Amino acid sequence: MSAQVRDNAALVPGDLADAFRQEAPGLLGFFVRRVSPPEDAADLVSETFLAAWKSKQRDAVVPDLRRAWLFGVARKVLSQYRRGRRRRTALSERVRALMSTDLAASSVDLTGQFDPDLVEHVRELVSCLSPLDREIIELVYWEGFTQEEVATILGKPSATIRSRLSRARAVLRDQLAESGDVS
């Protein structure tokens, strides 16, 4: 039998609450020094105590070694955290690369079809619309949704979308005509 563990229960749930009060600041410092962003440290302290509470060895830890045992649990929690971060980072990089490849292959090069200054001017005019009208224009013309689909996305009646789209187009047409960009 290990020196750390003995048969009679030394760390019962009440003792775990005491251990939390005593050891949480030290565990927080342990994690703050090892993780980025440091805001994750508090969550890792919680995960450590949850793992300790779930542990079958909890009841067999010698009181004098409780702190060391908790830091051992913390090391395992930290290891899981780092593995998870690496997996999420790798996945994000794969998704980012896939999306940029798909985007490059499917995007329309407006600068080849239209004057880049006109494209920028239209973007500025659209940005001056009300938030709802801007969203409707963007969903219809930039994302390719139908008016009915936009109504579903925005949770508005189809008639509202039709009338707002018509009005926004008229505003944009008038502004482009005033600037001499479109006749």
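# Questions about this chain

Trainee: Among contacts between residues at least 6 apart in sequence, what percentage join residues at least 24 apart?

Mentor: Contact means that heavy atoms lie within 4.5 Å. Take the contacts in the chain between residues at least 6 apart in sequence; the share joining residues at least 24 apart is 62%.

Trainee: What kind of model is this?

Mentor: Residues are numbered from 1 along each chain as its sequence is written, and side-chain values use heavy atoms, with hydrogens and water left out. Local features need pLDDT of at least 70, side-chain atom pairs count only at pLDDT 80 or more, totals for chains, interfaces and linings use all residues, and the model is predicted.

Trainee: How many helices does the chain have?

Mentor: Helices (H or I, at least four residues) and strands (E, at least two) are DSSP runs, numbered from the N terminus. Along the sequence the pattern reads α-α-α-α-α-α-α-α. With zero strands, the secondary structure comes to a number of helices that is eight.

Trainee: What percentage of the 183 residues is buried?

Mentor: Buried means under 20% relative accessible area, exposed over 50%, and partly exposed in between (1.4 Å probe, protein chains only). Of the 183 residues in the chain, the buried part is 26%.

Trainee: At roughly what angle do the axes of α5 and α8 cross?

Mentor: Axes are lines fitted to C-alpha atoms, for helices over the stretch in contact, and angles run from 0 to 180 degrees between N-to-C directions. The axes of α5 (residues 116–127) and α8 (residues 158–178) come within 10 Å, and their crossing angle is roughly 135 degrees.

Trainee: Which class does that angle give α5 and α8?

Mentor: Angles under 35 degrees count as roughly parallel, over 145 as roughly antiparallel, 65 to 115 as roughly perpendicular and the rest as oblique. The crossing of α5 and α8 is at roughly 135 degrees. That makes the relation of α5 to α8 oblique.

Trainee: How many nonpolar residues are in the contact of α5 with α8?

Mentor: L118, H121, V122, L125 and V126 in α5 meet L172, Q175 and L176 in α8. Ala, Val, Leu, Ile, Met, Phe, Trp, Tyr, Cys and Pro count as nonpolar, Asp, Glu, Lys and Arg as charged, and the others, Gly among them, as polar. The contact of α5 with α8 has two polar and no charged residues, and its nonpolar residues number six.

Trainee: Which residue forms a salt bridge with E23?

Mentor: A salt bridge is a side-chain nitrogen of Lys or Arg within 4 Å of a carboxyl oxygen of Asp or Glu, and a search of the whole structure finds four. E23 is buried at 10% relative accessible area. With the closest N and O atoms 3.0 Å apart, the partner of E23 is R67.

Trainee: How many residues apart in sequence are the parts tied together by R85 and D40?

Mentor: The closest N and O atoms of the R85 and D40 salt bridge are 3.6 Å apart. R85 lies in α3 and D40 in α2 (residues 40–54), so the pair ties together parts whose separation in sequence, in residues, is 45.

Trainee: Is D133 buried or exposed?

Mentor: The side chains of R164 and D133 meet in a salt bridge, 2.7 Å from N to O. R164 lies in α8 and D133 in α6 (residues 131–142), so the pair ties together parts that are 31 residues apart in sequence. R164 is partly exposed at 22%. At a relative accessible area of 10%, D133 is buried.
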